[in-house]
Amino acid sequence: MRLLLRSDIHANPWALAVVEAAAGPVDQVLFGGDAVSYGLELGAVIEWLHWQNAVGVRGNHDQAVAWGQAVVAPIPKGALGRLLWDWAREQLGRAELAYLRALPLSLLWEGEGARIGQGIANGLVQVMNVIR
């Protein structure tokens with residue numbers, strides 16, 4: 001089974017396309033969070049995750065955009081981060097916000113000979129670990 005592990009896309013479908021092309025065909029996309037923030041194509045990345053039937057978690061930026069609050073505090077970006085998150089929230093439709101809100105904060109995925117844990121560790125760091 002070929003897996004594509006992606007995180008921190010931050011609304012950049014162009015970088016995502018490069019990674020996808022380099023990876024070639026995959027059986028499953030596992031997503032470690034942060035689909036949104038920073039980039040301008042928020043909806044495109046969420047649509048790609050839907051299209052790929054990606055299994056994933058909500059990153060701290062996804063949390064901040066979807067719910068208006070960060071998973072971790074304090075955020076070093078402060079006012080600029082809040083401004084970006086508010087802008088991003090205004091750009092997304094109800095379905096896209098619902099997608100972000102539905103992502104779990106952590107999960108354990110199991111597939112052919114691999115177990116992969118994803119999520120927020122100690123409330124501070126996003127981790128993606130392969131557990132054999």
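Figure 1. Arg-94, Ala-95 and Ala-102 are the exposed residues on the face of H5 turned away from its buried side; exposed here is over 50% relative accessible area, buried is under 20%, and partly exposed is anything in between (1.4 Å probe, protein chains only). On the buried side sit Leu-97, Tyr-99 and Leu-100. They cover an arc of only 155° around the axis, so they end up on the same side of H5; that arc is taken from the directions from the helix axis to the C-beta atoms. These buried residues pack against helix H2 (42-51), H3 and helix H4 (78-91), with contact meaning heavy atoms within 4.5 Å.

A quick note before the other views: this is a predicted model, so local features need pLDDT of at least 70 and side-chain atom pairs count only at pLDDT 80 or more, while totals for chains, interfaces and linings use all residues. Residues are numbered from 1 along each chain as its sequence is written, and side-chain values use heavy atoms, with hydrogens and water left out.

**Figure 2. The whole chain, for orientation.** The chain has 5 helices and 6 strands, which are DSSP runs numbered from the N terminus (helices: H or I, at least four residues; strands: E, at least two). Read from the N terminus, the order is β-α-β-α-β-α-α-α-β-β-β. Of the 132 residues in the chain, 40% are buried. Take the contacts between residues at least 6 apart in sequence, and 69% of them join residues at least 24 apart.

**Figure 3. Helix H3 against helix H5.** Two packed helices are described by the angle between their axes and the distance between the axes. For H3 (residues 60-67) and H5 (residues 94-102), the angle is about 130° and the axes are 9 Å apart. The axes are lines fitted to C-alpha atoms, for helices over the stretch in contact, and the angles run from 0 to 180 degrees between N-to-C directions. That makes H3 and H5 oblique to each other; under 35 degrees would count as roughly parallel, over 145 as roughly antiparallel, 65 to 115 as roughly perpendicular, and the rest is oblique. H3 passes H5 in a left-handed crossing, meaning that the near helix is turned anticlockwise from the far one by less than a right angle (clockwise for right-handed). On the H3 side, Asp-62, Val-65, Ala-66 and Trp-67 meet Leu-97, Leu-100 and Arg-101 of H5. The residues of this contact split into 5 nonpolar, no polar and 2 charged, where Ala, Val, Leu, Ile, Met, Phe, Trp, Tyr, Cys and Pro count as nonpolar, Asp, Glu, Lys and Arg as charged, and the others, Gly among them, as polar.

**Figure 4. Helix H3 against helix H4.** Here the packing angle is about 65°, with the axes of H3 and H4 8 Å apart, and the crossing is right-handed. His-61, Ala-64 and Val-65 from H3 meet Trp-85, Ala-88 and Arg-89 from H4. By type, the residues of the contact come to 4 nonpolar, 1 polar and 1 charged.

**Figure 5. Zooming in on Ala-66.** Ala-66 belongs to helix H3 and counts as buried at 1% relative accessibility. Leaving out residues up to four places away in sequence, Ala-66 touches Leu-97, Leu-100 and Arg-101. The C-alpha atoms of Ala-66 and Ala-88 are 9.0 Å from each other, although 22 residues apart along the chain.

**Figure 6. His-10 in its loop.** His-10 lies in the loop between strand E1 (3-6) and helix H1 (13-23). With a relative accessible area of 13%, His-10 is buried. Not counting residues up to four places away in sequence, His-10 touches Asp-34, Ala-35, Val-36, Ser-37, Tyr-38, Gly-39 and His-61.
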